[in-house]
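I opened this entry to keep a record of what I looked up, in the order in which I looked.

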Amino acid sequence: MKSRLLTLLLLLCLAVQPGMPVRAQGGIRVIDSQALLAFPESATFSARIEAGAEITSAVLEYGVDQLTCGTVVARAFPDFVPASSLDVSWTWEMRQSGSLPPGAQLWWRWLVTDASGAEYASPRQTILWLDDMHAWQVIAGGNVNLHYYEGGDLFGRELHDYAAEALARLAQDVGLRPERPVDLYIYADTQDLRDAILYEPAWVGGQAFPAHNIVIIGIPQADLDWGKSTEAHEITHVLVGQFTFSCLGFVPTWLNEGLAMVGEGGLDEYQQGLLDRAVAEDALPSLRALGGGFSEESERANLSYAASFSVVDFMIREYGRERMTGLLERLRDGAAIDDALQTVYGFD
């Protein structure tokens, strides 16, 4: 374990070290460019810059690797007094911009101009947005990288293997496959999870970030079965989000959550009982009512998940995975749900 931790720390150190400074025309050098994380609050970027003439501009370009509709580059303009040698720094405050998921990949570089007109762009550097409080371990394989720090090898292996099985089930039943391994970050409980993210409701136990290819969950060792079903559920959201990603598309909640329940493996006894009673009493919610957010009231929410699963499961069993994939493709391309259903299935 110690050797793996030392290797991880070495890789993180290498990710933020600039190596030998590269000299540009005019003699501009960016030295000791680095990022200091105060997880989950902020990231501070700093560097020492030297030039053959007075430095007139030092701009930080920064961002995060994720799915976007277009090129997204942020720029910051640190304050400094023009000189031929200076230290610059700028802090990315996450409480102002919004929280990033643990495991996100931050990147940055410096753009420098001096009084002679010489320009220089430093090499792009990256760092993993993750706390250093926990001794993270990784189990890789089956298109899953499972990161955990508590529970032991057996706990981690069970979660990893179930996640890999869920991905295989989604590929077979729905035709969804990850383009690269999904990263799962397993916190020891929901309190540790909430400490790692900002602006999340107190009841959150897990969350998918399709744009980052990341799932985070708080799983106590005593709740292993719940953890398995939750990771399968959230992994499905990642795959659906990536498959349908565009600036045009919208996936209704009943379809998204119904697919996640398929990935999870179906309904538990309680949810099945709610569904059966609603059918018997002719009290099922309409699909239009399930197109937006679900109720936060427990019983109504569970019925919404159960009803969504029953519809999606029927569509897959009756018509096959190819049509489900076709439906998702049309939603990705901007079709409204009724139009997409009519085109693929012949009904709205």
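The notes below go from the whole chain to single residues.

**Ground rules.** I am working with a predicted model, in which local features need pLDDT of at least 70 and side-chain atom pairs count only at pLDDT 80 or more, while totals for chains, interfaces and linings use all residues. I number residues from 1 along each chain as its sequence is written, and side-chain values use heavy atoms, with hydrogens and water left out.

**Whole chain.** I found ten helices and 13 strands in the chain, where helices (H or I, at least four residues) and strands (E, at least two) are DSSP runs numbered from the N terminus. The C-alpha atoms fill a box of roughly 80 × 45 × 35 Å, taken along the principal axes. Of the 348 residues, 46% count as buried; buried means under 20% relative accessible area, exposed over 50%, and partly exposed in between, with a 1.4 Å probe and protein chains only. I also looked up contacts (heavy atoms within 4.5 Å): among those between residues at least 6 apart in sequence, 66% join residues at least 24 apart.

**Salt bridges.** I took a salt bridge to be a side-chain nitrogen of Lys or Arg within 4 Å of a carboxyl oxygen of Asp or Glu, and by this rule the count comes to 14. Side chains of opposite charge can pair when their charged atoms come close.

Arg 48 is partly exposed at 31% relative accessible area, whereas Asp 87 counts as exposed at 54%.

My next pair was Arg 157 and Asp 161, with a salt bridge of 3.7 Å, N to O; both residues lie in helix 3 (residues 152-173), four residues apart, about one turn of the helix. Arg 157 is partly exposed at 38%, and Asp 161 is partly exposed at 31%.

I then noted Glu 322 and Arg 321, which meet in a salt bridge of 3.7 Å, N to O. Glu 322 is exposed at 56% relative accessible area, and Arg 321 is partly exposed at 28%. Elsewhere, salt bridges that share partners join Arg 29, Arg 48, Glu 50 and Asp 87 into one network.

**Helix pair.** How do the axes of helix 5 and helix 6 cross? The axes of helix 5 (residues 224-243) and helix 6 (residues 253-264) come within 7 Å and cross at roughly 135°. Residues of helix 5 in this contact include His 233 and Val 240, and those of helix 6 include Leu 259 and Met 261.

Is Leu 111 buried or exposed? Leu 111, which is found in strand 6 (residues 104-114), counts as buried at 17% relative accessibility. Leaving aside neighbours within four places in sequence, I find Leu 111 in contact with Ser 57, Ala 58, Val 59, Glu 61, Arg 75, Tyr 120 and Ala 121. Leu 111 and Ser 57 are 54 residues apart in sequence and 7.8 Å apart in space, C-alpha to C-alpha.

How values were computed:
Axes fitted to C-alpha atoms, helices over the stretch in contact; angles between N-to-C directions.
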